[in-house]
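Me: Could you walk me through how the helices pack in this protein, and what one of its pockets looks like?

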Amino acid sequence: LFFKKVDSINDKIVQFFKYIASFLLVVVGLLIFSDVVLRGAFNKPLMGVPEIIANLVVIIAFFQFAYAVSIESMLRSDFTIEKAGPKLRKFLDLLSCFLGLIFFILLAKSSYSSMVKSFISSEFEGHASFRFPTLPLKGTIFLFSCLTAFTYLLLIISKIFNLKK
């Protein structure tokens, strides 16, 4: 009962950020379109579009990682797993979840100090005409690595104890 409640809350959070990522993807498309039109028609490109796009693409990807894990489609080869017997299939599923959990824990651990440093020093990137703060990107990498690791942990528990979603 407790597990199902936690899993349900996690699913709602993951779904929410999937929709935010979709919205941001539309924003990216509109930014690119506007920049191309203004550059082509008036020779006046929008300032900072490459920096904003580069950061938003990474943020969008991290917003969707936990969702991909929750629907069990993160780096999964159904062809390989379907050829295996039931015991090997369960072992491969658990192994891939465990490796994903370790990967995102390590990613969160390695990005934490960089995120804190960018917060303390108010770090920016870009050139003199446009500077973009690095905290949103570094914070997203840390927080969503944690969320993705947690989602993997829930998936592992679900698979070990045969708790169907």
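Reply: Happy to; the questions and answers below go through a predicted model, starting with helix packing and ending with a pocket.

Me: Is H2 roughly parallel or roughly antiparallel to H5?

Reply: The axes of helix H2 (residues 49-70) and H5 come within 8 Å of each other and cross at roughly 10 degrees. Angles under 35 degrees count as roughly parallel. Therefore H2 is roughly parallel to H5.

Me: How is H4 oriented relative to H5?

Reply: Here the axes come within 7 Å, and the crossing angle is roughly 155 degrees. Angles over 145 degrees count as roughly antiparallel. So H4 is, relative to H5, roughly antiparallel.

Me: How many nonpolar residues does the contact of H4 with H5 have?

Reply: H4 passes H5 in a left-handed crossing. The residues of this contact include eight polar and four charged, and the nonpolar ones number 21.

Me: Which word describes the orientation of H1 to H5?

Reply: Helix H1 (residues 2-42) packs on H5 with the axes 11 Å apart, at an angle of about 140 degrees. Roughly antiparallel would need an angle over 145 degrees. So the word for H1 against H5 is oblique.

Me: Which charged residue takes part in the contact of H1 with H5?

Reply: The contact of H1 with H5 has ten nonpolar residues, three polar and one charged. Phe-3, Val-6, Asn-10 and Ile-13 are among the H1 residues that meet H5, and Phe-150 and Leu-154 are among those on the H5 side.

Me: Which helix gives the largest share of the lining of the second largest pocket?

Reply: This pocket holds about 230 Å³ of space. Helix H4 (86-120) and helix H5 (135-160) are the elements that give two or more residues to its lining. The largest share, four residues, comes from H4.

Me: How many charged residues line the second largest pocket?

Reply: Twelve residues line the pocket, and Glu-72, Ser-158, Lys-159, Asn-162 and Lys-164 lie nearest its centre. The lining has three nonpolar and two polar residues, while the charged ones number seven.

Conventions
Residues are numbered from 1 along each chain as its sequence is written. This is a predicted model: local features need pLDDT of at least 70, side-chain atom pairs count only at pLDDT 80 or more; totals for chains, interfaces and linings use all residues. Side-chain values use heavy atoms; hydrogens and water are left out. On a 1 Å grid over the protein atoms alone, a cavity is a set of points where a 1.4 Å probe fits but cannot get out, and a pocket is an open set with protein on both sides within 12 Å along at least five of seven lines; lining residues have an atom within 4 Å of a point. Grid points are joined across faces, edges and corners, and a volume is the space filled by probe spheres set on the points. Ala, Val, Leu, Ile, Met, Phe, Trp, Tyr, Cys and Pro count as nonpolar, Asp, Glu, Lys and Arg as charged, and the others, Gly among them, as polar. Axes are lines fitted to C-alpha atoms, for helices over the stretch in contact, and angles run from 0 to 180 degrees between N-to-C directions. Angles under 35 degrees count as roughly parallel, over 145 as roughly antiparallel, 65 to 115 as roughly perpendicular and the rest as oblique. Contact means heavy atoms within 4.5 Å. A crossing is left-handed if the near helix is turned anticlockwise from the far one by less than a right angle, and right-handed if clockwise.
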